[in-house]
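Here is a short report on one protein chain. Take it helix by helix, then turn to a loop.

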Amino acid sequence: MKFVSLINGKIAKSKDASVVLNVFDYMQVIVLDVIVKTAFDIDVIDVSKGDKDETLLLLNKLMANNDASVTHFIYALPFVKHILNPLVNYVLPNGRKFDAFLRQTVERKIKEIKEQKVQSSQHSSSGESRRVSNEKVIDILVRKYLEGEITLDLIYANSLATLIAGYDTTSLASTYVLWAIAKHPGIQEKLRIDIQLHGTESEYLEMVLKENLRLFPVTANFLMRSPSEDIIVGGRYKILKHSIVTYNYADVHHNAEYWPDPMRFDPERFAPGKTYDKMTFVPFGAGHRVCIGYRLAIKELKLIVTHILRNYRLELVTPQQMERKVKSYFNSQPSESVKVRFCSLASQNGSPLKISSTV
Ligand code: HEM
């Protein structure tokens, strides 16, 4: 993993084979690298630049200033384009830069897929099925555009939606889990041993990740539904048709009725054989509009934790207690920077632990 070489580079310059990192900054770089490849099939992030990467800086500005929501709105609702486009072009410089980036990427993809089509018509059908299994989000969207099913604006809207939905969420979830692992050395040791035996297939890793998503749900209230007719819930509450109902994750995930001693980080709650009401643990939502990226997010989290624990012992620097606040885009973030000391295991043991499998 590129991230490990980046940290190792920093550790090589240190006197005590360790380095203190602002975890969220680095998680953003890793996750952005994955999501840009997934959404756009391009390798733009130079991880060696860490949090100084230009695309990363641009995207961070887009998210922080809400430029992305305006840009997304324009792509998703082309009829407001004439009113809002000047805003993106002249008032939101990040929106303009991002628009240019997106257009170049899509143009390149259209050209590439057209060329592939010509080639595959000249070759056997087995080549075609190999291409489909490697398809990224952008490939699917461009193919649908070339087949006349969607417009260019819908390609932009969906690519940006994938980016927005997958970027902040997964970087925050990985920041929370690294904080929890650093905070609980006993859990960290048990997890490292299980990872040594089972790699990303570790059952204990699954338990730690679930407990992390329970205690620190990333989304604050991003589960909204609107009934198409009046309904009575639980025999008591009448919800009028077309009203908007949101689900407060923290209220349910931290409710002692469902989760005894709710603020304690205890992965054993999710040990095999333990049961819980499915609607009391919904970090990725539920039902028809459940998060489409949850498998990718879990794979990313597993890989990040596995690679880090294989190479480093984590010591918590700040904060000693996790306080969260709601940030833009419906997400919750630590109210203080999460700083963790990464201590090289190679310098203690001679070589990093082996991972028995990867996802
Ligand atoms: C830890 C990481 C993540 C968390 C906690 C998370 C959480 C959520 C939640 C709670 C929802 C609302 C679901 C509902 O209304 O029932 C959602 C929707 C969505 N997520 Fe995620 N997500 C994560 C990662 C990702 C990734 C990596 C992607 C894309 C690659 C993604 C794409 C989406 C999309 C497109 C939607 C809207 C789905 C729809 O409305 O049909 N998410 N996510």
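The secondary structure of the protein chain comes to 14 helices and 9 strands. Helices (H or I, at least four residues) and strands (E, at least two) are DSSP runs, numbered from the N terminus. This is a predicted model, in which local features need pLDDT of at least 70, side-chain atom pairs count only at pLDDT 80 or more, and totals for chains, interfaces and linings use all residues. Residues are numbered from 1 along each chain as its sequence is written.

Of the 359 residues in the protein chain, 32% are buried. A residue is buried if 20 or more other C-beta atoms lie within 10 Å of its own, exposed if 12 or fewer, and partly exposed in between, with C-beta atoms placed from the backbone. Two residues are in contact if their C-beta atoms, placed from the backbone, lie within 7 Å. Take the contacts between residues at least 6 apart in sequence: 68% of them join residues at least 24 apart.

**Helix H10**

Helix H10 covers residues 185-198. Its 14 residues should span 20 Å at 1.5 Å a residue, and its end C-alpha atoms are 20 Å apart, which agrees. The expected span is 1.5 Å times one less than the number of residues. In H10, Ile187, Leu191, Arg192 and Ile195 are buried. Seen down the axis of H10, the buried residues fall within an arc of 135°, so they line one face of the helix. The arc is that of the directions from the helix axis to the C-beta atoms.

After H10 comes glycine 199, whose phi is positive, near 55°.

**H9 against H13**

The axes of H9 and H13 come within 10 Å and cross at roughly 40°. Axes are lines fitted to C-alpha atoms, for helices over the stretch in contact, and angles run from 0 to 180 degrees between N-to-C directions. Residues making the contact include Gly166 and Ala173 of H9, and Leu296 and Glu300 of H13. The residues of this contact divide into 9 nonpolar, 4 polar and 1 charged. Ala, Val, Leu, Ile, Met, Phe, Trp, Tyr, Cys and Pro count as nonpolar, Asp, Glu, Lys and Arg as charged, and the others, Gly among them, as polar.

**Glutamate 336**

Glutamate 336 sits in the loop between strand E8 (332-334) and strand E9 (339-344). Is glutamate 336 buried, exposed or partly exposed? Glutamate 336 counts as partly exposed, because it has 14 C-beta neighbours inside 10 Å. Leaving aside neighbours within four places in sequence, glutamate 336 is in contact with Thr318, Pro319 and Glu323.
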